[in-house]
Amino acid sequence: MKQTILVTGGTGFIGSHTTVELQQAGYEVVIIDNLSNSSANVVDGIEKITGVRPAFEKVDCCDMAALEGVFKKYPGIKGIIHFAASKAVGESVEKPLLYYRNNLNSLINLLELMPKYDVKGIIFSSSCTVYGQPTAENLPVTEKAPIQKALSPYGNTKQVNEEIIQDYIHSGAPIKSIILRYFNPIGAHPSALIGELPNGVPMNLIPFVTQTAIGIRKQLKIFGNDYDTPDGTCIRDYIYVVDLAKAHVKAMERVLDKPETDAVEVFNIGTGRGLSTLEVVEGFEKATGVKLNWEFAPRREGDIEKVWGNVDKANKELGWKAEANIDDVLRSAWKWQLKLREDGIQ
């Protein structure tokens, strides 16, 4: 029997897909989520896919007493995958204290409880935002690329949390950590039983594309067509959420089962290639046969021109590789949107 893993934010987009992959790899999973940006119904979807219902506790990681109650109730937890965080860049600019309070305190509480309850390792959900806009010689970005000043409080919480983990372990805390800096997660589980379900107007490209395709949004705007890129639109590294979830399983195996590895490690998780916004929009139309109503709009403040990852380290040391075909990924997002319509959700 594999160990028990605590997944914070486990009913969210990436958390739910990671729970599925953990269960399919034989782990027991305990999900905690305060449901501020997700629904408890996601647990039903996970159970339908895997045949196993993960334990679920509605808990906020910032509530220390409630969080400790989870470790008391499930005494066998050996690893944590920490997704729970506020994550909208724009909102973080408007409500910085909410972001600092939520994103920093939740991690600090978990770290404090780990030695007390003999939890061996934590996988932290970080982001390529820590690289800012890399210089030309640093593209594609490796894990050794310079960390740039964050463009938002959200981005800054990722940087500060990475430092908190490193400082805590450096102080002698008896735990290990892998920090995964991921690029742009997209798509949905092939079953269409779980996927991305943003509250309100989507902040990310793919949900906005699928909502435009189905008629929820009137028009998609591509922000900026005068960037220094081949077609003038921004370039990103889009990673299939199921591939991303599998990287967390590999990271957890490494933290728990390989004592010889360093106490803190950092890995980029992406495809290693960049796609422009226009390529994604046109690719969606081609993959699904659905025409989108879209137009160019002025640049959006805070958008990075181009970033994609060098993922050689994850490929070699984690034994993980992004495998999905972009057309299949875009079709999975559309299939999920159609399922939401069928279920009367959107």
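Reply: The side chain of Ser127 reaches the backbone nitrogen of Thr129 at 2.9 Å, a polar contact (N or O atoms within 3.5 Å; within protein, one able to donate a hydrogen and the other to accept it, with residues adjacent in sequence counted only if both atoms are side-chain atoms). This is a predicted model, in which local features need pLDDT of at least 70 and side-chain atom pairs 80 or more, while totals for chains, interfaces and linings use all residues. Residues are numbered from 1 along each chain as its sequence is written, and side-chain values use heavy atoms, without hydrogens and water.

Me: Is Ser127 buried or exposed?

Reply: Ser127 counts as buried because its relative accessibility is 7%, where buried means under 20% relative accessible area (1.4 Å probe, protein chains only).

Me: And what does Ser127 touch?

Reply: Leaving aside residues up to four places away in sequence, Ser127 touches Tyr154, Lys158, Leu180, Arg181 and Tyr182, with contact meaning heavy atoms within 4.5 Å.

Me: Which strand holds Ser127?

Reply: Ser127 lies in strand S5; strands are DSSP runs (E, at least two residues), numbered from the N terminus.

Me: Now the sheet: what is the strand order?

Reply: The order is S3-S2-S1-S4-S5-S6-S11, an open sheet of 7 strands with parallel pairing (strands pair if DSSP finds at least two bridges between them). Strands S3 (55-58) and S11 (264-269) are the edges, each pairing on one side only.

Me: How many bridges join S1 and S2?

Reply: Strand S1 (residues 4-8) pairs with strand S2 (residues 28-33) over 5 bridges, and Thr8 stands opposite Ile32 in S2.

How values were computed. Helix = DSSP H or I, 4+ residues; strand = E, 2+ residues; numbered from the N terminus. Buried < 20%, exposed > 50% of the residue type's maximum accessible area, 1.4 Å probe, protein only.
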